[in-house]
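Subject: A structure for you to explore

Hi,

Here is the structure I promised to pass on to you. Please open it next to this email, and then read on for what I found in it.

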Protein chains: 4
Amino acid sequence: MKVAFTSDNIAGASDAVFHAMMEAAQGDAMPYGHDDGTAQVTAMLAELFECDLEVFLVSTGTAANVLSISALTPPWGSVLCHQDCHLLKDESTAPEFYAGGARFVGINGADAKIDPVVLKNIIGQKKGDVHSCQASAVSVSQVTEIGSVYSVAELQVITDIAKSAGLPVHMDGARFANALIALGCSPAEMTWKAGVDVLSFGATKNGVMAAEAIVVFKSSLEEKGLSFERVVQELGFRRKRGGHLHSKMRLLSAQMQAYLTDDLWRTNATHANTMMAMLQDGLKEIPDVVIETPAQANMLFCRMPLAMIDYLQKEGFGFYTGRWEEGVIRLVTSFRTPKEGVQAFIDAARRF
Amino acid sequence: MKVAFTSDNIAGASDAVFHAMMEAAQGDAMPYGHDDGTAQVTAMLAELFECDLEVFLVSTGTAANVLSISALTPPWGSVLCHQDCHLLKDESTAPEFYAGGARFVGINGADAKIDPVVLKNIIGQKKGDVHSCQASAVSVSQVTEIGSVYSVAELQVITDIAKSAGLPVHMDGARFANALIALGCSPAEMTWKAGVDVLSFGATKNGVMAAEAIVVFKSSLEEKGLSFERVVQELGFRRKRGGHLHSKMRLLSAQMQAYLTDDLWRTNATHANTMMAMLQDGLKEIPDVVIETPAQANMLFCRMPLAMIDYLQKEGFGFYTGRWEEGVIRLVTSFRTPKEGVQAFIDAARRF
Amino acid sequence: MKVAFTSDNIAGASDAVFHAMMEAAQGDAMPYGHDDGTAQVTAMLAELFECDLEVFLVSTGTAANVLSISALTPPWGSVLCHQDCHLLKDESTAPEFYAGGARFVGINGADAKIDPVVLKNIIGQKKGDVHSCQASAVSVSQVTEIGSVYSVAELQVITDIAKSAGLPVHMDGARFANALIALGCSPAEMTWKAGVDVLSFGATKNGVMAAEAIVVFKSSLEEKGLSFERVVQELGFRRKRGGHLHSKMRLLSAQMQAYLTDDLWRTNATHANTMMAMLQDGLKEIPDVVIETPAQANMLFCRMPLAMIDYLQKEGFGFYTGRWEEGVIRLVTSFRTPKEGVQAFIDAARRF
Amino acid sequence: MKVAFTSDNIAGASDAVFHAMMEAAQGDAMPYGHDDGTAQVTAMLAELFECDLEVFLVSTGTAANVLSISALTPPWGSVLCHQDCHLLKDESTAPEFYAGGARFVGINGADAKIDPVVLKNIIGQKKGDVHSCQASAVSVSQVTEIGSVYSVAELQVITDIAKSAGLPVHMDGARFANALIALGCSPAEMTWKAGVDVLSFGATKNGVMAAEAIVVFKSSLEEKGLSFERVVQELGFRRKRGGHLHSKMRLLSAQMQAYLTDDLWRTNATHANTMMAMLQDGLKEIPDVVIETPAQANMLFCRMPLAMIDYLQKEGFGFYTGRWEEGVIRLVTSFRTPKEGVQAFIDAARRF
């Protein structure tokens with residue numbers, strides 16, 4: 001049996017999602033987000049997050065991230081993020097492009113989470129000095145690039161530092177659902193109640209073909225003395241200017257509606273996380289395998305003998321290796337990862 | 001009966017297209033364009049255009065246009081286009097954003113087509129003068145913003161001027177199929193054989209939900225002494241940097257495959273153009289209606305009494321008005337416009 | 001006798017200016033504008049303009065213009081200016097570069113002055129429509145590119161239109177002194193009292209080697225509900241970011257101090273304007289010479305037989321020709337143009 | 001006696017320089033670099049560097065650096081430089097602005113010099129991967145930000161790594177003369193013969209008011225298969241576009257001519273370096289003072305008791321402190337630092 005743990009972006013869409021897409025392809029609808037579906041997505045997200053918010057649908061995670069940040073920083077600012085985050089590692093120079101040439105400053109910290117002491121130190125430096133780029137925004141990744149998850153308390157420490165400096169906070173939630181299931185808290189608790197102002201609410205990695213929502217939280221911004229209206233205005237114009245305003249927006253809104261209906265998004269993420277937990281538990285028992293960072297959501301980095309890697313690949317299992325230190329592999333589960341596939345992988349590793 | 005002539009972007013997708021999308025949503029596929037479907041789309045377009053080419057799929061027409069041009073101009077250049085083209089009228093400042101702050105110079109000319117005399121004059125000005133932005137590329141729209149179509153001979157005149165100055169030519173083919181059906185020539189004859197180097201091959205307005213192909217023609221660029229490899233390299237990096245590289249690329253490639261299979265794209269455009277011809281013929285006979293620009297493809301601008309406009313809207317017909325001079329309305333047909341709807345519109349106008 | 005009417009940028013500096021530069025080269029001074037001279041320039045300009053203001057010294061006119069505008073427009077905005085202004089004709093794509101890819105829209109109007117009817121019409125279009133670039137600022141040139149001068153009343157009409165739309169107004173005053181002398185009003189009357197918010201106060205063309213002041217007027221901005229502090233903050237960071245913050249700022253402040261001392265700037269401009277008036281009066285009497293636009297300051301465009309142009313050039317007179325319609329030449333006088341040189345030119349033209 | 005070791009940018013200009021400026025202020029000269037002086041500067045630098053080159057004069061060091069790099073990198077590239085270099089520490093986001101949103105990647109290494117092993121490792125990563133920014137240029141600082149100097153052999157190691165990857169090399173030579181005197185080699189040996197392609201040839205910190213030369217070396221670029229003509233073309237247009245093309249260019253060329261005449265530039269740097277050597281020798285003998293990095297040119301970082309810092313400041317000596325770790329001060333000598341001032345500083349420190 002062949003199973004791929006390559007990434008959660010290799011799986012297609014949940015049945016409910018593509019049925020919704022099919023329906024959306026029928027009949028006429030007003031373009032550019034003036035369809036009924038888009039309005040409903042906003043209403044559904046407002047209910048889910050229990051607050052006033054505004055939503056901008058786009059079709060890629062990079063677009064969601066860089067557009068979000070472009071509305072938060074002046075071009076002479078610096079955006080503080082973890083040195084191993086997706087923005088800095090996997091999005092080419094999209095961040096600088098969209099932010100008009102602002103700088104993205106990588107901060108270190110264990111488990112791919114921003115170290116609050118370093119953050120505080122950097123934020124306090126050279127304020128008002130025209131020679132230095134000015135700390136202007138903070139971006140956190142939830143789930144992080146190595147599969148760890150900030151606790152709500154950890155998030156709060158980061159956002160408090162940002163808040164005391166008047167800086168807005170963006171969350172890259174490409175795997176938002178997986179993080180939420182891992183923490184077991186509410187969407188509100190993991191975002192605006194924890195000081196997050198703008199969220200990339202990812203769906204593409206969790207059962208949707210191509211749909212991400214930029215969510216702007218009103219109360220959070222206003223508590224910092226920042227203008228919700230201005231961020232919303234910037235995003236409206238910048239989405240179009242980036243070429244990310246779909247004419248047949250219903251393609252995106254239909255996917256997002258299905259994703260948010262009947263808790264599909266939670267169900268999918270729960271499955272992915274459960275499969276990862278099973279995988280991790282199985283691998284832990286194998287003497288030659290070393291878990292690098294304990295997986296909290298649906299991604300695991302572990303280390304194994306090169307011969308074991310070869311063997312597993314020859315057996316037909318898919319995963320990335322060769323991108324990090326020797327012997328390190330990455331395993332990712334998705335809403336569609338079969339339980340038998342996980343078991344087969346563990347068995348094969350043990351067999352070796 | 002209620003029919004909308006608002007735009008061709010209000011219609012959804014052809015059956016074959018959404019069936020293909022449904023299939024694409026199943027199973028696993030490699031991300032970021034490494035799926036089989038993307039390779040097949042390139043092969044299909046190479047066959048269709050009868051030449052060496054490279055293809056970059058994106059999900060919006062604006063992205064196709066501005067990415068294409070971003071690979072052709074330095075930031076100190078000027079892109080010459082018609083003053084009423086989509087780039088200048090309907091894409092915010094996406095052109096300047098993607099072209100790094102190059103200038104877009106609007107040229108006049110009848111029927112929304114670039115006047116070759118003006119073009120030649122501007123291209124010849126202040127070459128090498130650092131104070132003046134340097135003519136660096138030409139962009140033509142086929143179909144134009146008012147529904148006219150360049151003949152192949154007209155295109156050739158424009159591209160010859162560009163060629164003699166060593167400038168690359170981009171074609172905004174958001175309605176490529178409609179133009180091709182109108183001219184009755186081959187895709188090759190309307191593009192690289194006529195001196196076009198990079199094409200925005202639109203599909204979204206003609207039966208697809210969200211898929212456009214940037215097509216780069218090798219021989220055309222090389223005849224001008226420009227590097228095909230360099231343009232292709234730039235597009236690869238710039239698509240990612242613009243946030244336009246879809247992870248689940250098969251969503252785009254599946255649509256495009258279906259669109260190109262069994263001549264669906266021609267069938268759809270033929271229907272749209274036929275409906276427009278019928279609409280135009282009907283309206284011509286009505287004394288109070290004045291055709292502004294003879295529709296050659298699927299778009300018509302005409303002038304009618306305000307009371308007639310009100311009447312038609314109250315009867316439930318959809319179309320844009322109030323954006324141009326008083327009394328001017330725009331009518332657009334699509335692959336899905338029903339014949340009875342066209343007849344009903346003509347009847348209603350005549351009845352009034 | 002050989003005299004050059006080529007441009008006012010070919011003359012060097014007034015004696016007082018280079019003596020001040022010499023003194024500034026002695027001893028130590030704090031860098032980056034923290035020298036005493038820079039503070040004094042601000043005080044002198046505040047007195048001259050009779051209001052609260054902030055000053056940013058730079059060394060080129062293009063820098064003054066494009067930095068000013070960069071602080072006034074978002075990147076999705078459009079800056080409205082005359083189609084023949086310096087920004088659009090002679091500064092490469094510096095405007096788009098500094099404004100982050102905003103668009104510069106050329107408006108027509110007689111005598112190189114913005115037509116208020118056209119301005120009003122454009123400003124009112126498509127407000128809030130994300131597909132269209134949004135009118136965000138207005139820039140006027142005083143003196144214009146063809147040597148005409150807006151009256152205070154004409155300025156007021158333009159700025160009133162801007163004000164009613166909440167848009168800031170920039171004035172390109174590369175030849176500010178020449179315009180002021182022409183109008184005979186006070187600096188305040190020609191700027192903030194007439195609705196100008198940010199001024200490029202030029203000195204380089206009028207007796208200084210390289211020094212221009214960006215002047216930001218507090219009350220004018222605040223009357224429009226715009227933030228003076230924000231514009232000042234943006235300029236501080238953007239000047240550095242543009243590479244325009246001189247370390248030995250006293251080179252610029254010394255020139256500007258000398259320029260503003262003992263009315264040197266008025267004396268110089270009065271001389272240049274007087275020489276132009278004499279030149280114009282002389283040329284008017286010559287049958288073959290046609291004044292294109294009546295010179296109000298120190299620049300004149302006129303038309304003469306090609307043979308006369310040749311003759312004058314052979315006689316050793318310098319001026320630009322061949323850049324406009326056949327037979328058109330441009331004559332510019334400066335603070336240093338000798339009276340005998342003007343007479344000699346008139347005599348030579350008459351002789352021919 | 002009060003002496004300032006604050007920076008070499010607080011001293012004014014050498015006598016020969018301001019005399020040259022005075023002369024340049026007389027009479028007429030063609031604008032925008034078409035004056036005779038600019039041509040002579042190019043000839044003088046070609047002789048000095050013993051090779052074919054092109055020169056672009058600008059008035060600030062930041063402009064020289066960021067313009068140089070803007071001509072060498074695509075916007076999807078990354079420029080590799082030391083993490084503590086001036087580009088990253090003291091030029092706001094000018095680098096990203098001019099490079100169109102390329103990324104600047106800080107590399108560590110002892111003594112503020114790029115570690116070649118790290119450089120080689122980074123250059124080799126993810127070549128061609130559209131998700132990663134592509135190593136596109138290398139920038140070295142000579143003198144570095146902490147006063148150390150690369151040996152020619154050290155430079156060669158860095159540039160060889162760049163060359164084997166086909167990457168151009170820029171040198172920030174804001175203190176070029178001080179480095180050259182420290183090494184005792186020829187200008188050619190420290191630049192193009194050592195693999196440097198584009199140089200910011202600083203003069204402002206060494207006896208000039210405001211003049212820097214961007215020097216482009218032909219043979220070096222061509223050995224890497226890069227086009228000299230293209231870099232020169234880019235710089236021509238980009239200097240204007242940045243607002244850095246002076247109309248009265250003779251202000252810059254006159255300074256540079258004087259600077260290069262009669263070895264003034266060497267004499268000035270020799271004095272500054274000698275004063276620093278004397279200062280360092282004196283401080284070494286004082287028990288409480290710890291030299292942080294041995295000064296090789298005209299800049300020294302040392303550590304001393306806080307009470308000693310206070311005492312020296314009260315005695316009237318100027319220097320920066322409080323910007324680095326507690327107790328660290330920076331001392332900089334210039335062409336004008338008096339010997340007695342150095343002695344007085346040593347005496348005061350010893351006395352304490």
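Let's begin in chain D, where V143(D) lies in the loop between β4 (134-141) and α7 (152-164). Helices and strands here are DSSP runs, numbered from the N terminus; a helix is H or I with at least four residues, and a strand is E with at least two. The peptide bond leading from Q142(D) into V143(D) is cis, with omega near -5°. Chain A has a cis bond too: it joins Q142(A) and V143(A), with omega about -5°. V143(A) sits in the loop between β4 (134-141) and α7 (152-164) of chain A. As background, most peptide bonds are trans, and most residues other than glycine have a negative phi.

A few ground rules before we go further. This is a predicted model, in which local features need pLDDT of at least 70 and side-chain atom pairs count only at pLDDT 80 or more, while totals for chains, interfaces and linings use all residues. Residues are numbered from 1 along each chain as its sequence is written, chains are lettered from A and ligands numbered from 1 in the order in which they are written, and side-chain values use heavy atoms, with hydrogens and water left out.

How confident is the predictor? The pLDDT (its confidence in each residue, from 0 to 100) averages 96 in chain A, and 100% of the residues there score at least 70. For the complex, the predictor gives an ipTM of 0.96 and a pTM of 0.97.

Now for chain A as a whole. The chain contains 15 helices and 11 strands. Its radius of gyration is 20 Å, close to the 20 Å that the globule rule gives for 352 residues, so chain A is as compact as a globular protein of that length. (The radius is taken over C-alpha atoms, and the rule is 2.2 Å times the number of residues to the power 0.38.) Along its principal axes, the C-alpha trace of chain A spans about 60 × 55 × 35 Å.

Of the 352 residues in chain A, 65% are buried. Buried means under 20% relative accessible area, exposed means over 50%, and partly exposed is in between, using a 1.4 Å probe and protein chains only.

Two loops are worth a visit next. A203(A) is in the loop between β6 (198-202) and β7 (212-217) of chain A, and is buried at a relative accessible area of 0%. Leaving out residues up to four places away in sequence, A203(A) touches V208(A), A211(A), E212(A), M256(A) and Y259(A). In chain C, V208(C) is placed in the loop between β6 (198-202) and β7 (212-217), and its relative accessible area is 0%, so V208(C) is buried. Beyond residues up to four places away in sequence, its contacts include A203(C), Y259(C) and, from another chain, K248(D).

Which residues does S92(C) touch? Not counting those up to four places away in sequence, they include W76(B), R103(B) and H131(B) of chain B, L87(C) of chain C, and F237(D) and K240(D) of chain D. S92(C) is in the loop between α4 (86-89) and α5 (94-98) of chain C, and is buried, with a relative accessible area of 1%.

Also in chain C, P116(C) belongs to helix α6 (residues 116-123). P116(C) is partly exposed, at 30% relative accessible area, and touches V157(C), I158(C) and I161(C), again not counting residues up to four places away in sequence.

Is A112(B) buried or exposed? A112(B) is buried, with a relative accessible area of 11%; its phi is near 65°, a positive value in a residue other than glycine. You will find A112(B) in the loop between β3 (103-107) and α6 (116-123) of chain B. D262(D), with phi near 55°, is in the loop between α12 (250-260) and α13 (264-284) of chain D. D262(D) counts as exposed, at 73% relative accessibility.

Enjoy exploring!

Best wishes

Note on methods:
pLDDT = per-residue confidence, 0-100. Contact = heavy atoms within 4.5 Å.
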